[in-house]
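Biologist: I would like to go through this model with you, one question at a time. Please state the cut-offs as the terms come up.

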Amino acid sequence: MDNRVPPRAAGPGPRRRDRHGRGMRGPIAPPQVPLAASRADVFADLVQDSVDRLERRWPQLAEIDFLVLEVPRLDGPGRAWSDEAVPLGGTVPARDGRRACVVVYRRPVEIRTKGREERAALVHEIVVEQVADLLGLTPETVDPRYGED
């Protein structure tokens, strides 16, 4: 009778146990706690909070789409950045049956802020400025507390 253990096939298959004989570990946090949210999800929530805050005063914002993009795109192929500052947000006016759109760029905003409160304040400032641009108003008219922080 041969009691030898056959050699393990060194393949790319999943490991069943770690070297201490325990099973694979589960996720660090369950999906319903904030730790499980990605940075992009948290940032999108900041934008949505800002929009919700403004919609109470301006119900016509329901007709505007709000997007979060990673970084701004270059205008054309082969075009390099100029000496201008990187935009933090932008607007796309309504035309040809498409709704107007406000865009907030996540990475430039994250780079310019240190904490969640500072990031939330900057996001709100950007959303107010872009909404004011679309509506043809001043930012102080859109949000009376604009620029107070």
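Biologist: How many salt bridges does the structure hold?

Modeller: This is a predicted model, in which local features need pLDDT of at least 70 and side-chain atom pairs count only at pLDDT 80 or more, while totals for chains, interfaces and linings use all residues. Residues are numbered from 1 along each chain as its sequence is written, and side-chain values use heavy atoms, with hydrogens and water left out. A salt bridge is a side-chain nitrogen of Lys or Arg within 4 Å of a carboxyl oxygen of Asp or Glu. The number of salt bridges in the structure is five.

Biologist: How many residues apart in sequence are the parts that Glu70 and Arg106 tie together?

Modeller: The side chains of Glu70 and Arg106 meet in a salt bridge at 2.5 Å, N to O. Glu70 lies in the loop between β1 and β2 and Arg106 in helix α2, so the parts tied together are apart in sequence by 36 residues. Helices (H or I, at least four residues) and strands (E, at least two) are DSSP runs, numbered from the N terminus.

Biologist: Is Arg106 buried or exposed?

Modeller: Buried means under 20% relative accessible area, exposed over 50%, and partly exposed in between (1.4 Å probe, protein chains only). Glu70, at 41%, counts as partly exposed. Arg106 has 9% relative accessibility and counts as buried.

Biologist: Which residues do salt bridges with shared partners join into one network?

Modeller: Glu110 forms a salt bridge with Arg106, with the closest N and O atoms 3.0 Å apart, and another with Arg107, at 2.9 Å. Glu110 and Arg107 lie three residues apart in helix α2, about one turn of the helix. The network made by shared partners consists of Glu70, Arg106, Arg107 and Glu110.

Biologist: How many residues of β3 are buried?

Modeller: In a regular strand the side chains alternate between the two faces of the sheet. Ala100, Val102 and Val104 are buried on one side of β3, and Cys101, Val103 and Tyr105 on the other. The count of buried residues in β3 is six of six.

Biologist: Do β1 and β3 run parallel or antiparallel?

Modeller: Two strands pair if DSSP finds at least two bridges between them. Strand β2 (residues 89–92) is joined to β3 by four bridges, and these two run antiparallel. Six bridges join β1 to β3, and their direction is parallel.

Biologist: What arc do the buried residues of α1 cover around the axis?

Modeller: The buried residues of α1 are Phe43, Leu46, Val47, Ser50, Val51 and Leu54. They lie on the same side of α1 because their arc, taken from the directions from the helix axis to the C-beta atoms, is only 130°.
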